[in-house]
Amino acid sequence: MKDVFIVSDNIVSPLGCTTADNFAQISKGVTGIEQHPAATGISALPYFASLIKTDQQEKWFATLDNAEQYTKFEKFLIISIADALQNTTIRLSDAETVLIISSTKGNIGLLETESMTAALQERIALHASAKKIAGYFKNKNLPIVISNACISGLTALVTGKRLIESGLYKHAVVAGADLISEFVLSGFQSFQAISAQLCKPFDKDRNGINLGEAAATIILSAGKSNQATIKLMGGAVSNDANHISGPSRTGEELCIAIEKSLKQSGLESANIDFISAHGTATIYNDEMEAKAFSLAGMESIPVNSIKGFYGHTLGAAGIVESVIAIQSLKREIMIPTLGYNEMGVSKPINISKKLIALPASHCLKTASGFGGCNAALVFGKAG
């Protein structure tokens with residue numbers, strides 16, 4: 001089985017348009033989440049979210065060629081991919097490189113601003129955006145779209161890993177993005193899943209999520225280079241089939257994904273140094289994850305959720321959070337769980353409350369989503 005290396009990454013969010021900018025901000029405890037006033041076409045009530053400001057967008061979009069040809073969603077992906085690529089010798093124009101796009105909603109916000117036509121119906125399809133982005137980078141291959149609720153980002157990384165291992169491609173550029181629109185926000189409001197304050201992952205007073213906007217990219221490669229100090233060692237998905245919006249009540253199915261990822265990596269639970277959890281701050285997700293970690297024998301391993309910095313970025317979340325986990329491994333720093341104060345899950349787990357130095361060789365990244373889907377990845381230091 002080929003080793004799969006992380007050769008470059010990027011995050012575009014309210015905290016900056018590079019990985020370095022983002023990691024510096026969250027290391028200082030800066031969050032992108034703030035309260036936004038009620039606004040026509042978005043929400044009838046004030047809401048907390050991490051939104052990319054208009055002046056940031058205009059500054060970043062000014063660097064693109066023919067920017068008017070692309071939607072905001074597509075432009076964020078292009079900016080993220082371009083920044084990740086510039087730090088490598090890999091080119092998306094090469095036939096040995098595959099493009100994988102992760103998103104849950106894509107251009108769905110266009111339905112709120114434009115009249116429905118046959119052309120618009122085609123434009124909002126995720127495959128249409130993927131082809132536009134592939135065209136921007138002159139990619140010769142048919143791009144792959146992964147849209148599987150909140151595990152989309154992790155599933156996209158698993159897909160890239162498997163394509164490289166199979167020998168079909170040498171490199172995989174895996175990018176994810178989602179933007180917040182009335183459609184997205186109102187959907188979560190209808191579930192009564194939106195918190196009226198900064199979210200509190202795993203805390204006893206948690207009451208829901210904050211949404212967020214972001215794009216992120218991770219470049220995978222079969223080739224080791226000087227900057228490829230982290231490997232994607234294992235990855236697996238599972239489904240609990242419990243409910244369309246409610247996760248498993250036992251955590252067994254996420255535990256299955258965790259154990260399969262560990263087996264692929266040749267590791268045991270004791271080899272994991274920290275866990276980057278999904279940690280949405282909803283009552284049932286956090287409880288389920290805690291049970292899964294307990295079943296996997298990981299009660300004492302440090303755990304964090306970075307939703308308090310970025311909000312839930314949907315199809316970008318798995319990639320954003322994987323980038324932060326990768327950087328944490330490299331820098332041997334554990335990011336705290338912003339908003340957490342007191343244990344609010346039934347199984348005792350080791351939630352990080354402050355920034356700590358943490359010598360580490362391996363980390364576990366988990367995610368779960370609507371429809372009962374679960375995913376887990378293991379990252380480790382190369383060599």
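1. R249 lies over the face of Y284, 4.1 Å from the ring centre. The criterion: NZ of Lys or CZ of Arg within 6 Å of the ring centre and within 35 degrees of the ring normal. K132 is placed over the face of Y70, at 5.1 Å from the ring centre.

2. On provenance: this is a predicted model, where local features need pLDDT of at least 70, side-chain atom pairs need pLDDT 80 or more, and totals for chains, interfaces and linings use all residues. Numbering runs from 1 along each chain as its sequence is written, and side-chain values use heavy atoms, without hydrogens or water.

3. Y70 also belongs to an aromatic cluster, with Y136 and F137. The structure holds five aromatic pairs. Rings of Phe, Tyr and Trp (its six-membered ring) pair if their centres lie within 6.5 Å.

4. Helix 5 covers residues 126-136. Helices are DSSP runs of H or I with at least four residues, strands are E runs of at least two, and both are numbered from the N terminus. The buried residues of helix 5 are L126, A128, S129, A130, I133 and A134. Buried means under 20% relative accessible area, exposed over 50%, and partly exposed in between, with a 1.4 Å probe and protein chains only. These buried residues pack against helix 3 (72-85), strand 4 (97-102), helix 4 (118-123) and strand 5 (144-146). Contact here is heavy atoms within 4.5 Å.

5. K138 follows helix 5 and has a positive phi, near 60°. Most residues other than glycine have a negative phi. N66 is not a glycine, yet its phi is positive, about 50°. N66 sits in the loop between helix 2 (54-61) and helix 3. N66 is partly exposed, at 44% relative accessible area.

6. F202 is another non-glycine residue with a positive phi, about 65°. Its place is the loop between helix 7 (182-190) and strand 7 (211-212). Is F202 buried or exposed? F202 is buried, with a relative accessible area of 0%.

7. Helix 6 (residues 152-165) packs on helix 11 (residues 317-331) at about 70°, with axes 5 Å apart. Axes are lines fitted to C-alpha atoms over the stretch in contact, and angles run from 0 to 180 degrees between N-to-C directions. The two helices, helix 6 and helix 11, are therefore roughly perpendicular, a class that spans 65 to 115 degrees. G153, L154 and L157 of helix 6 meet G318, I319 and S322 of helix 11.

How values were computed: Parallel < 35°, antiparallel > 145°, perpendicular 65-115°, else oblique. Phe/Tyr/Trp six-rings, centres within 6.5 Å; stacked < 30°, edge-to-face > 60°.
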